[in-house]
Amino acid sequence: RKCGAVRMAQAEADVPATSLFGADRRLCSADVLSPLEVRARIEVAVLNFLATLSSPSSPAIPVLPLISRKSTNCSLRSGLLSDVSSVYLSYAFCKRSLMRENDAKAFVRVWKVMEMCYKILGEGKLVTQRELFYKLLSDSPKYFSCQRHVNQTIQDVVSLLRCTRQSLGIMASSRGALIGRLVLHEPEEEHIDCSILGPSGHAITGDLNQLSRLNLSSDARYLILVEKDAIFQRLAEDRLYNQLPCILITAKGYPDIATRFILHRLSQTFPNMPIFALVDWNPAGLSILCTYKYGSISMGLESYRYGIPLDDQSMIKPIFQNGINEILQFQLAM
């Protein structure tokens, strides 16, 4: 294994850093895998751990090599055939070690979460991060005393196994909603016409597999991303989409994965539909806007699945008193 790792490192070093292939070699991402493939990767991780531990020549407790999620290992990538940019992580590693005092519990947590995911995948189920926390709190209260421990460990497992959270059987907890000139159709299910719903709109499911199966149809000309739920509901009550052919979507604050995923799907399905973002013109609002556009460093391995095109500055609007009027003026100018 060591010889293979050395040869791979030498091969990467032989590729010029400035070449297209060099850039691709540095880009690291999480794979979308089937339950069988994820369980196989967990089994390989366990076997490698046991092999190192029981080595007759030099037995040792192995460290866990994780893709680093620090800003120093982060950059932006731009698509060759699209204007979508996203955060990506390079092949720089950090380690979880049982022998380091600050890492010991985090090291054990990784194995506990992998064990739980292995069981969940074997049962063919999905759980939310909150459900997973309660399961782990019941099973291992010494290691999981708060939700933050679970959230961080899930990212560690994603970094170790190089697979998405959904592949691990962990479903996004969605709070997002959408409404307007959009019809949703899941195979063998009824159509959902989002233009005839109440002001709360259609609740976005956290199951990304279900979202990926949706057939989307729309005659809208604009997609309006709204930061605040109160603004979203007011625009929905006023039936803005009947005056201005649009789709309204909100995550009710900081963007969750499911809302980012359906927004990415909408941008891919309707590539000529401009996207307006109505957010507060302050650091928090710009942070939300950048998360929608580029993704986040903590989820840098998966950001390529959620990025949206917001490159044209005329498409980005802060929320203020006459924000909708500016969109109407943009429509008249087209």
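Residues are numbered from 1 along each chain as its sequence is written. Because the model is predicted, local features need pLDDT of at least 70 and side-chain atom pairs count only at pLDDT 80 or more, while totals for chains, interfaces and linings use all residues; side-chain values use heavy atoms, with hydrogens and water left out.

Helices (H or I, at least four residues) and strands (E, at least two) are DSSP runs, numbered from the N terminus. Two strands pair if DSSP finds at least two bridges between them. Residues under 20% relative accessible area are termed buried, those over 50% exposed, and those in between partly exposed (1.4 Å probe, protein chains only).

Strand 13 spans residues 246–250. Five of its five residues are buried. Cys 246, Leu 248 and Thr 250 point one way from the strand. Ile 247 and Ile 249 point the other way. Strand 13 pairs with strand 7 (residues 177–180) in the antiparallel sense, over four bridges. Within this pairing, Gly 180 has Ile 247 as its bridge partner. Strand 13 also pairs with strand 12, here in the parallel sense and over five bridges. Ile 224 is bridged to Leu 248 of strand 13.

Strand 12 covers residues 222–226, and strand 14 covers residues 275–279. These two strands pair in the parallel sense over four bridges. Leu 278 of strand 14 is the bridge partner of Val 226. Strand 14 is mostly covered, with five of its five residues buried. Ile 275, Ala 277 and Val 279 point one way from strand 14. Phe 276 and Leu 278 point the other way.

Strand 8 (residues 183–185) pairs with strand 9 over three bridges, in the antiparallel sense. His 185 stands opposite His 191 in strand 9.

Aromatic contacts were examined next. A pair of aromatic rings is described by the distance of the centres and the angle of the planes. Rings of Phe, Tyr and Trp (its six-membered ring) pair if their centres lie within 6.5 Å; planes under 30 degrees apart count as stacked, over 60 as edge-to-face and the rest as tilted. The structure holds five aromatic pairs. One of them joins Phe 133 and Tyr 134. This pair is tilted, at 5.3 Å centre to centre and 50° between the planes. Phe 133 is buried, at 6% relative accessibility. Tyr 134 is partly exposed, at 45%. The rings of Tyr 222 and Phe 276 have centres 5.8 Å apart and planes at 70°, so the pair is edge-to-face. Tyr 222 lies in strand 12 and Phe 276 in strand 14, so the pair ties together parts that are 54 residues apart in sequence. Both Tyr 222 and Phe 276 are buried. Phe 49, Phe 107 and Trp 111 form one aromatic cluster.

A nonpolar surface patch of about 600 Å² is made by Val 46, Leu 47, Leu 50, Leu 53, Ile 61, Leu 98 and Met 99. Leu 47 lies in helix 3 (residues 35–53). This leucine is exposed, at 56% relative accessibility. Patches are made of residues with over 30% relative accessible area and no salt bridge; like charges are joined within 9 Å, and nonpolar side chains (Val, Leu, Ile, Met, Phe, Trp, Tyr) within 5 Å. A salt bridge is a side-chain nitrogen of Lys or Arg within 4 Å of a carboxyl oxygen of Asp or Glu. Accessible areas come from the Shrake-Rupley method with a 1.4 Å probe; for residues, only the protein chains shown count as cover.

Two loop residues have positive phi. Phi of Arg 162, which is not a glycine, is near 60°. Arg 162 sits in the loop between helix 6 (147–161) and strand 6 (170–171). Lys 252 also has a positive phi, about 60°, although it is not a glycine. Its loop runs between strand 13 and helix 10. Lys 252 is partly exposed, at 38% relative accessibility.
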